[in-house]
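This report describes one structure in plain terms. Please look at the sequence and the model before reading on.

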Amino acid sequence: MADLSIERLSLSFGGLAALSDVDIAVPAGEIRGIIGPNGAGKTTLLNVISGLVRPTEGEIRLDGQPLTRLKASEVAARGVGRTFQTSLLFKGMTVLENVMAGMHQGLRTSVLAAAVGLPGVLREERRARERAREALAFVGMLSFAERDGASLSFGQQRLVEIARSLVAEPKVLLLDEPAVGLSPPRVAELDELLRRIRDKRGITIIMVEHVIRLVMGVCDRITVLNSGRKIADGTPDVILADPFVKEAYLGKSSDADRA
Amino acid sequence: MVTLSNEPSAPRAIKRRNLGWLVGRRPALAVGVLLFAVLPLMANPYQVYVGNLALIYVILAVGLNILLGLAGQLSFANGALFGVGAYATGLLRLDAGLPFWLALPVGTAITVAIGLAVALPALRLRGLYLALATVAFAQFALWTFVHWDSVTHGTAGFVMAPVDFTALGLRTTTGIYYLSLVLAVLLVAAAYGIMRSRVGRALVALRESEVAAESIAVDITRTKIVAYTLTAVYAGVAGGLFAGLLNVVVPESFNLFQIVLQFCMVVVGGLGSIAGSAIAAVLLIVLQEGLRGMQDLQEIGLGLLLLGMLLFAPGGLVQALRRWLPGWTEPHSRGGDE
Ligand SMILES: Nc1ncnc2c1ncn2[C@@H]1O[C@H](COP(=O)(O)OP(=O)(O)OP(=O)(O)O)[C@@H](O)[C@H]1O
Ligand SMILES: [Mg+2]
């Protein structure tokens with residue numbers, strides 16, 4: 001289990017302040033929701049945490065260790081996994097291969113060993129395939145293992161993305177709108193999956209999500225962003241009751257209750 | 001949620017797989033190798049020469065496919081690197097007096113070094129910019145082959161003594177032929193090994209999305225360097241064999257037509273498909289030799305073929321093979337209509 005802390009984080013694109021002075025502390029084992037209207041800076045926040053975008057100011061720490069100066073691949077290697085708002089499965093690979101790709105960090109095979117086909121390579125591949133199948137079973141997508149990723153629905157692709165992140169055994173998982181386009185029963189399944197990820201795998205989850213029912217149901221705490229600022233932070237009950245939140249988000253945004 | 005079986009169709013699936021095995025990728029490649037192995041026993045010297053050229057282009061196309069088809073890097077440097085391989089191996093024999101068996105690996109190492117010297121500044125470039133930078137390199141390399149007389153022997157190139165294979169009891173042509181065959185088989189097998197490993201998956205991840213690749217801890221820079229290095233190894237070996245086959249090295253072999261030819265092979269075969277690249281290399285070399293002496297027709301024909309494939313069959317030959325032959329599986333290739 002690991003905690004993630006975000007301190008005085010600011011980022012501007014040209015003149016636009018996409019994030020200003022954001023402080024968020026996510027304790028180990030928490031499921032944290034990030035909500036806010038379109039363009040509030042939610043995806044940008046995940047991008048900064050995962051090292052894709054350098055902040056103008058501020059610091060991000062995983063278990064006290066700073067992540068802010070690392071490359072995105074190094075942040076991932078330290079145990080921060082993620083999925084994307086628009087699914088980014090690798091085309092040309094099967095679902096199983098996509099999940100195996102997620103194990104990159106944990107496998108040892110070198111180019112030379114792979115080229116020569118040393119026996120250790122085949123052993124490692126077999127083990128990797130087994131673990132990828134386990135992860136697919138964990139998210140309920142095992143029966144799609146040999147399918148082409150592109151032939152799946154968006155909801156299914158996101159489950160595969162989650163499996164791809166899980167095989168890297170991350171400490172923290174960042175999810176960008178995982179429930180988009182899911183029917184209510186599927187949202188319920190996702191709710192249950194997120195709990196299992198936290199309880200069985202001990203992974204801290206930070207989830208950006210518009211589907212309010214999911215956020216209110218599964219999150220321990222919720223942080224509300226608006227125009228790059230944190231405007232509220234609290235348990236679901238507190239957030240629901242917060243007048244600022246109502247005005248900035250729940251009251252105004254028509255898609256707050258979609259799906 | 002997890003449903004694995006659909007019982008009624010299971011027996012049919014098994015039967016299909018049994019039949020499909022006969023036309024699967026591995027048996028097809030094995031038959032191809034066998035045909036190449038017996039070719040010198042029944043063909044005339046010209047046909048053996050064409051077969052040998054085809055084997056060299058199999059190496060080239062499979063190597064380029066790693067960079068272009070798997071890693072998705074639009075580099076035009078490979079025609080020039082093929083030239084560097086040919087020049088390096090040839091000059092090491094002619095002017096440094098190295099035996100062929102030593103000149104070939106050293107020449108390949110030189111090709112990799114120059115390939116990396118091009119790749120390092122190109123690492124930050126993508127798409128069109130990478131294409132332009134590498135075309136510039138290709139032109140510069142050609143200029144060097146022509147104008148650096150004191151080393152490259154200038155426009156006229158140079159002639160070497162035939163490689164001596166008497167120690168193996170083989171004539172030169174037979175020796176080069178079987179050496180090319182063995183290296184082609186080893187390098188194709190190596191490409192498959194790499195593609196199926198974590199390295200191959202990292203290359204494909206890089207091709208599909210640098211952002212998503214980084215999110216699974218794939219180091220973009222390192223992975224690109226691996227791709228450039230591998231492709232340079234294949235180009236170096238192919239260049240060395242090319243010099244050994246022709247005994248002549250001239251600059252014009254490595255002009256822009258060279259890279260168009262190689263691109264054609266990878267695209268016609270199907271981007272990302274190793275078997276596709278190999279098959280297309282053989283087909284296009286045979287086609288080119290069929291149109292021998294008709295330079296214009298060759299160039300126009302290749303151009304039209306490339307355009308036609310991109311427009312009407314972007315998945316390449318391998319897409320058609322996969323559709324028509326149920327046993328044909330091809331990992332990581334990018335189907336055109338998926
Ligand atoms: N690379 C970029 N360059 C310039 N501006 C950007 C960039 N990325 C995001 N922005 C801007 O930053 C702001 C925050 O965008 P962000 O994508 O983080 O919003 P979001 O909260 O995820 O919204 P949504 O709910 O629509 O996904 C927006 O105004 C957006 O236009
Ligand atoms: Mg967003």
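Leu46(A) is found in helix H1 of chain A, which covers residues 42-49. Helices (H or I, at least four residues) and strands (E, at least two) are DSSP runs, numbered from the N terminus. This is a predicted model, in which local features need pLDDT of at least 70 and side-chain atom pairs count only at pLDDT 80 or more, while totals for chains, interfaces and linings use all residues. Residues are numbered from 1 along each chain as its sequence is written, chains are lettered from A and ligands numbered from 1 in the order in which they are written, and side-chain values use heavy atoms, with hydrogens and water left out.

**One residue in chain A**

Is Leu46(A) buried or exposed? Leu46(A) counts as buried because its relative accessibility is 0%. Buried means under 20% relative accessible area, exposed over 50%, and partly exposed in between (1.4 Å probe, protein chains only). Leaving aside residues up to four places away in sequence, Leu46(A) touches Arg82(A), Leu174(A), Leu175(A), Asp176(A), Ile206(A) and Val208(A). Contact means heavy atoms within 4.5 Å. Leu46(A) and Asp176(A) are 130 residues apart in sequence, yet their C-alpha atoms are 7.7 Å apart in space.

**Chain A as a whole**

Chain A has ten helices and ten strands. Its radius of gyration is 19 Å, close to the 18 Å that the globule rule gives for 259 residues, so chain A is as compact as a globular protein of that length. The radius is taken over C-alpha atoms, and the rule is 2.2 Å times the number of residues to the power 0.38.

In chain A, 15 residues of domain 1 are in contact with ten residues of domain 2.

**Chain B as a whole**

Chain B comes to 15 helices and two strands. A compact globule of 338 residues would have a radius of gyration near 20 Å, and the 21 Å of chain B agrees with this.

The table sets out some values for the two chains.

| Chain | Span of the C-alpha trace along principal axes | Buried residues | Contacts joining residues at least 24 apart, among those at least 6 apart in sequence |
|---|---|---|---|
| Chain A | about 65 × 40 × 30 Å | 58% of 259 residues | 68% |
| Chain B | about 70 × 50 × 40 Å | 52% of 338 residues | 77% |

**Two residues with positive phi**

Most residues other than glycine have a negative phi. Glu169(A) has a positive phi near 50° and is not a glycine. Glu169(A) lies in the loop between helix H6 (154-166) and strand E7 (172-176) of chain A. With 60% relative accessibility, Glu169(A) counts as exposed.

In chain B, Ala217(B) has a positive phi of about 70°, although it is not a glycine. Ala217(B) sits in the loop between helix H10 (210-215) and helix H11 (220-246) of chain B. Where Glu169(A) is exposed, Ala217(B) is buried, with a relative accessible area of 10%.
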